[in-house]
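Here is a short tour of a protein chain, its domains, its cores and one of its sheets. Have the model open as you read along.

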Amino acid sequence: MKGAVQQEPAYVIHRRPWRETALLVDLFTLNHGRMSLVARGANSSKSPLKAQLQPFQPLMVDWTGKSDLKTLVQLEVRSAPLLSQTRALYSGLYINELLQRVLPAADPHPTLFASYIESLQALAALAAKTDVEPILRHFERAFAGALGYDFAWDEATDTGLPVVAGGYYGYDPVQGIVSAAATGVRLQQIPGEALLALAEGDFTGELPRRTAKRIMRVLVDYLLQGKPLHSRNLFSHSVSSSGRTP
């Protein structure tokens, strides 16, 4: 069948009603990136697809179609990670929304796909008092790299000089980490010691954790081009007592 794809590993990242009885499903796939499929009849109470096409659900999918909007032909359900905690669930929704809203369609990113699976597994294994933010920061970093916005924590791109403890730096989504003398950057007064800790993989200390969150918030907002993230509102209402949002 021309234009057909078979047995493609995929995860459901979003779904919504489409026409009378169909669902429009956004998938993150291994070899084709983000794809939109019409699942005909899936919004009917009698269709098993309605229960199978859930967010975070891993699938093996067959589809067909020549246009950007494909038609689901068949699927095979795989074992899914259970995001039972509220923090884990809302964190997963945040990750899914990033993929759905920002990732270009039909642009494969197998390394990011692997990072997505690792993130879901880490969220599913999240202990009651474990900090969720390192999981989110690692995924955001992989997401930034897939879109061409990766940077080194420990180097100022405008000077080519290494970051030093005791110094202060800036961050710009296009340039990355820059020296304190750089003008027009979106984020300033970043402590050098925090950047050095992040370069060593420390996302748990209070200062590097807070710094990574500030930098990734600026980057994500830049990628969204002013569009809001609904999952942030979920966080703000559900965990307002902790004061922590993605």
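The domain assignment divides out domain 1 (4–77) and domain 2 (151–230), with bounds taken from an automatic or database domain assignment. Their C-alpha centres are 38 Å apart.

A word on the source: this is a predicted model, in which local features need pLDDT of at least 70 and side-chain atom pairs count only at pLDDT 80 or more, while totals for chains, interfaces and linings use all residues. Residues are numbered from 1 along each chain as its sequence is written, and side-chain values use heavy atoms, with hydrogens and water left out.

**The N-terminal part**

UniProt, in an unreviewed entry, places the feature "domain: DNA replication/recombination mediator RecO N-terminal" at residues 7–78; such annotations may be inferred rather than shown by experiment. Residues 7–78 are 60% strand and 6% helix, and the end C-alpha atoms of this stretch are 12 Å apart. Helices (H or I, at least four residues) and strands (E, at least two) are DSSP runs, numbered from the N terminus.

**The cores**

A nonpolar core here is a set of buried Ala, Val, Leu, Ile, Met, Phe, Trp, Tyr and Cys residues joined through side-chain atoms within 4.5 Å, where buried means under 20% relative accessible area (1.4 Å probe, protein chains only). The largest has 46 residues, and Leu99, Tyr116, Phe143, Trp153, Tyr171 and Ile215 have the most contacts inside it. Helix 6 (206–224) is among the elements that each supply at least two residues of this core, and its nine residues are the largest share. Because domain 1 and domain 2 both give residues to this core, it lies between them. Apart from it lies another core of 17 residues, including Val5, Val12, Leu27 and Ala42.

Tryptophan 153 touches, among others, Arg141, Val163, Ile177, Leu195 and Ile215, leaving aside residues up to four places away in sequence. Contact means heavy atoms within 4.5 Å.

An open sheet has the strand order 7-6-8 with antiparallel pairing; two strands pair if DSSP finds at least two bridges between them. Strand 7 (176–179) and strand 8 are its edges, each pairing on one side only. On average, neighbouring strands are turned by 40° against each other, direction ignored. Strand 6 and strand 7 pair over four bridges, and tyrosine 171 stands opposite isoleucine 177 in strand 7.

| Helix | Lies across | Angle to strand 8 |
|---|---|---|
| Helix 5 | Strand 6, strand 7 and strand 8 | about 75° |
| Helix 6 | Strand 6, strand 7 and strand 8 | about 160° |

Axes are lines fitted to C-alpha atoms, for helices over the stretch in contact, and angles run from 0 to 180 degrees between N-to-C directions.

Terms used
Buried means under 20% relative accessible area, exposed over 50%, partly exposed in between (1.4 Å probe, protein chains only).
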